[in-house]
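Please keep the view open while you read the points below.

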Amino acid sequence: VGSVANYASFERLNVLDPGCGTIIALLQYVVAVLERLPSAKTYIRQPVIPVTFHVAFVLLQFVSTWLANACLEFDLPFAHYLVIKNTNLVFTMIVGAVVLKEFYPFFQILSVIFLSGGIILTVLSEQESKVTVSEGMNDINEISNSRMMIGVVLCILSTVAMAFLSSAQEYAFHRFKTKDGKAATAEALFYTHAFGLPLFFATSSTTSHIFTLWTAWRVSAPLIIFNLLSSVTC
């Protein structure tokens with residue numbers, strides 16, 4: 001439910017201000033850091049997971065998020081964005097099998113295929129109905145195929161990076177655990193977001209998006225708050 005709400009609010013924000021994903025990602029990073037700030041001293045002084053793993057997590061998370069935001073600036077329809085991003089389970093399973101040599105039962109593989117296929121069919125059928133209505137109203141915008149293909153490639157690379165991140169974290173959580181035997185997920189989330197923030201500030205231009213969202217704050221503010229709350233629950 002949280003993931004659906006997150007995507008829905010993100011789509012509305014991108015309609016309001018295309019390419020504003022960087023601002024949303026920055027805010028999500030800040031919220032994630034603040035949520036785990038009380039335990040920050042412990043994470044830094046006594047890390048359960050080695051720093052080298054955290055560096056890899058930070059880079060993979062940053063690359064995946066940056067590419068996901070960038071692809072929407074290349075005329076990639078949001079429906080196509082959802083279709084590609086929801087193949088993450090398939091990519092994660094492939095990476096797990098190839099890199100980590102994991103074995104997946106047949107029924108688990110079948111479940112992932114059916115789940116991903118169902119999501120893809122649902123999104124595409126909804127998009128098709130929208131196009132049909134738009135055609136009747138003569139209100140279809142022409143999309144540059146070359147620009148859209150760049151967006152598709154960026155979105156696929158983002159999904160692959162996220163699959164590698166999921167597999168790397170799964171390996172680390174299994175190998176390194178806290179004294180009570182629990183996986184150090186909170187520690188990983190803190191490092192990933194705290195040290196990912198400077199990368200976003202250094203590589204992103206957010207001024208125009210801040211201005212656009214501010215001028216439409218009556219609409220954007222509730223959507224941003226809803227998006228941040230849903231990202232916490234995901």
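1. Helix H2 passes helix H4 in a right-handed crossing. Please bear in mind that this is a predicted model. The two axes, those of H2 and H4, come within 9 Å and cross at roughly 150 degrees. Angles over 145 degrees count as roughly antiparallel, so at roughly 150 degrees H2 and H4 fall in that class.

2. To find this contact on your screen, look on the H2 side for Gly21, Thr22, Ala25 and Tyr29, which meet Gln61, Phe62, Thr65 and Asn69 in H4. Sorted by class, the residues where H2 touches H4 are three nonpolar, five polar and no charged.

3. Now follow H4, which spans residues 51-71, to another partner: helix H9, residues 185-194. Here the axes come within 8 Å and cross at roughly 60 degrees. That angle makes H4 oblique to H9. The handedness of the H4 and H9 crossing is right-handed.

4. Which residues of H4 meet H9? They are His54, Phe57, Val58 and Gln61, and on the H9 side you will find Glu187, Ala188, Tyr191 and Thr192. The contact of H4 with H9 has four nonpolar residues, three polar ones and one charged.

5. Back at H2, have a look at its packing with H12: the angle is about 50 degrees, and the axes lie 10 Å apart. H2 and H12 are therefore oblique to each other, and their crossing is right-handed. From H2, the contact uses Ile24, Leu27, Gln28, Val31 and Glu35; from H12, it uses Ile224, Asn227, Leu228, Ser231 and Val232. Six of the residues between H2 and H12 are nonpolar, three are polar and one is charged.

6. Finally, turn to the second largest pocket, which holds about 150 Å³ of space. Three helices each supply at least two residues of its lining: H2 (21-36), H11 (207-215) and H12 (217-233). The lining consists of Ile23, Leu27, His209, Ile210, Leu213, Trp214, Trp217, Ser220, Ala221 and Ile224. Eight of these lining residues are nonpolar, two are polar and none is charged.

7. Two residues tie the last two points together. Leu27 and Ile224 line the second largest pocket, and both also take part in the contact between H2 and H12.

Notes
Residues are numbered from 1 along each chain as its sequence is written. This is a predicted model: local features need pLDDT of at least 70, side-chain atom pairs count only at pLDDT 80 or more; totals for chains, interfaces and linings use all residues. Side-chain values use heavy atoms; hydrogens and water are left out. Axes are lines fitted to C-alpha atoms, for helices over the stretch in contact, and angles run from 0 to 180 degrees between N-to-C directions. Helices (H or I, at least four residues) and strands (E, at least two) are DSSP runs, numbered from the N terminus. Angles under 35 degrees count as roughly parallel, over 145 as roughly antiparallel, 65 to 115 as roughly perpendicular and the rest as oblique. A crossing is left-handed if the near helix is turned anticlockwise from the far one by less than a right angle, and right-handed if clockwise. Contact means heavy atoms within 4.5 Å. Ala, Val, Leu, Ile, Met, Phe, Trp, Tyr, Cys and Pro count as nonpolar, Asp, Glu, Lys and Arg as charged, and the others, Gly among them, as polar. On a 1 Å grid over the protein atoms alone, a cavity is a set of points where a 1.4 Å probe fits but cannot get out, and a pocket is an open set with protein on both sides within 12 Å along at least five of seven lines; lining residues have an atom within 4 Å of a point. Grid points are joined across faces, edges and corners, and a volume is the space filled by probe spheres set on the points.
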